[in-house]
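Subject: Structure handover

Hi,

Here is the structure I promised to pass on. Please open it next to this note.

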Amino acid sequence: MKRIIVALGGNAILTDDPSAQAQQAALMKTADYLTEFIAKGDIQLIITHGNGPQVGNLLLQELAGSTKSNPAMPLDTVGAMTQGEIGLWLANALNICAKRRQLSLNVATMLTRIVVDEHDNAFAHPSKPIGPFYNEEEVAEIEKEHSDWQIVEDAGRGFRRVVPSPKPISVMEAQAINTLVDNDVTLIAGGGGGVPVVKAGAEVHGVEAVIDKDFSAAKLAELVDADELIILTAVKYVTLNYQQPNQKDLHEVRVSQMKEYLADNQFASGSMKPKVEAAISYAESTGHKAIITSLDNVSSYLKDGDGTVIVPD
């Protein structure tokens, strides 16, 4: 059996309509693609996913209704809530798609805690945008209400709250994930990058942060000895000179070459760069290949390896 971790991008869930019905409909399409892995019959599948828009929306709902007797929950708890929300919808969709194809499927969602270092430099330099955009007038009001928030301008599009984005160092549920997958459970885990926690002796407590989902997927893949990490996004290939006349698709690329492309600033920080960095981290730490491709290219990848494949040197 081949063990594969699939990391879903935001396009797997995101729609212009944030209602539960619209997001569930988007996940039904996503689940249909993912069922291709299950249909192979020789794959142990672990699925991770993003939760950025869902966290932002839930934070707004919480803040709008927050009172002294019914206060809003902290960011780590909101992350856990959306792990459960998306995990529920995706598990239901996978059950339906598997039944349509007459496939046997035992699927579960696991709330996952990702250990971070409380001294990570990210805590001193928050960088991960969350929630909605604000104009200058709104920022003044927000800062009065939430003096502990850090608000920055985001690429000329307005102002947003930023929070720390520390690197994952361990996964608390890694052993349980191994056990379930060894027993033929298709698992949804590490949603939204996981719930960030720090450990102090026997104590574990959540922190106000968001972990990049691709980095947490790479760490999870390393810890459960996955044979492949597949990062699914909106494009079929990682490209050089993106949207320029000399744009070039990348197919099989060695880690050392990808590092050179990173050094040349070929990949945008807010989109492809973290995916490439996560893929490199996994390939270097495990000696296995990492793949970046699109959700609608899953069949082609499974058939003939189509996509951007990053291999160790």
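Below is what turned up, grouped by region.

First, the ground rules. This is a predicted model, in which local features need pLDDT of at least 70, side-chain atom pairs count only at pLDDT 80 or more, and totals for chains, interfaces and linings use all residues. Residues are numbered from 1 along each chain as its sequence is written, and side-chain values use heavy atoms, with hydrogens and water left out.

**Salt bridges**

The structure holds 13 salt bridges. The term means a side-chain nitrogen of Lys or Arg within 4 Å of a carboxyl oxygen of Asp or Glu. Side chains of opposite charge can pair when their charged atoms come close.

Asp-182 and Arg-3 form one of them, at 2.6 Å from N to O. This pair links distant parts of the chain: Arg-3 sits in strand 1 (residues 2–8) and Asp-182 in helix 5 (residues 174–182), 179 residues apart. Helices (H or I, at least four residues) and strands (E, at least two) are DSSP runs, numbered from the N terminus. Arg-3 is buried, with a relative accessible area of 7%. Buried means under 20% relative accessible area, exposed means over 50%, and partly exposed is in between (1.4 Å probe, protein chains only).

Arg-113 and Glu-173 make another salt bridge, at 2.7 Å from N to O. Arg-113 lies in strand 4 and Glu-173 in the loop between strand 8 (168–171) and helix 5, so the pair ties together parts that are 60 residues apart in sequence. Glu-173 is buried at 10% relative accessible area. Arg-113 is partly exposed at 33%.

Lys-128 and Asp-212 also meet in a salt bridge, at 3.8 Å from N to O. Here too the pair links distant parts of the chain, 84 residues apart: Lys-128 is in strand 5 (residues 128–134), and Asp-212 is in the loop between strand 11 (203–206) and helix 6. Lys-128 counts as partly exposed at 27% relative accessibility. Asp-212 counts as buried at 11%. Salt bridges that share partners also join Lys-2, Glu-228 and Lys-289 into one network.

**Helix 6**

Why is helix 6 (residues 213–223) largely enclosed by the rest of the structure? Nine of its eleven residues are buried. Among them are Phe-215, Leu-220 and Lys-219. Just after helix 6, Asp-225 takes a positive phi of about 55 degrees.

**Around Thr-112**

Thr-112 lies in the loop between strand 3 (107–110) and strand 4 (113–116). At 1% relative accessibility, Thr-112 counts as buried. Its backbone nitrogen lies 3.1 Å from a polar atom of the Gln-83 side chain. Gln-83 is in helix 3 and is buried as well, at 4%. Thr-112 and Gly-192 are 80 residues apart in sequence and 9.6 Å apart in space, C-alpha to C-alpha.

**Positive phi in loops**

Gln-102 is a residue other than glycine with a positive phi, near 60 degrees. It is in the loop between helix 3 (75–100) and strand 3. Gln-102 is exposed, with a relative accessible area of 75%. Asn-241 is also a residue other than glycine with a positive phi, near 55 degrees. Asn-241 lies in the loop between strand 13 (239–240) and strand 14 (248–249).

**A negative patch**

Glu-136, Glu-137, Glu-138 and Glu-153 gather in a patch of negative charge on the surface. Patch residues have over 30% relative accessible area and no salt bridge, and like charges are joined within 9 Å. Asp and Glu count as negative, and the place of a Glu charge is taken as CD. Accessible areas come from the Shrake-Rupley method with a 1.4 Å probe.

Which helix gives the most to the negative patch? Helix 4 (residues 136–145) does, with three residues. Glu-137 is in helix 4 and counts as exposed at 60% relative accessibility.

Best wishes

Note on methods: Patch = residues over 30% accessible without salt bridge, like charges linked within 9 Å, V, L, I, M, F, W, Y side chains within 5 Å. Polar contact = N/O pair within 3.5 Å; in protein donor to acceptor, adjacent residues only side chain to side chain.
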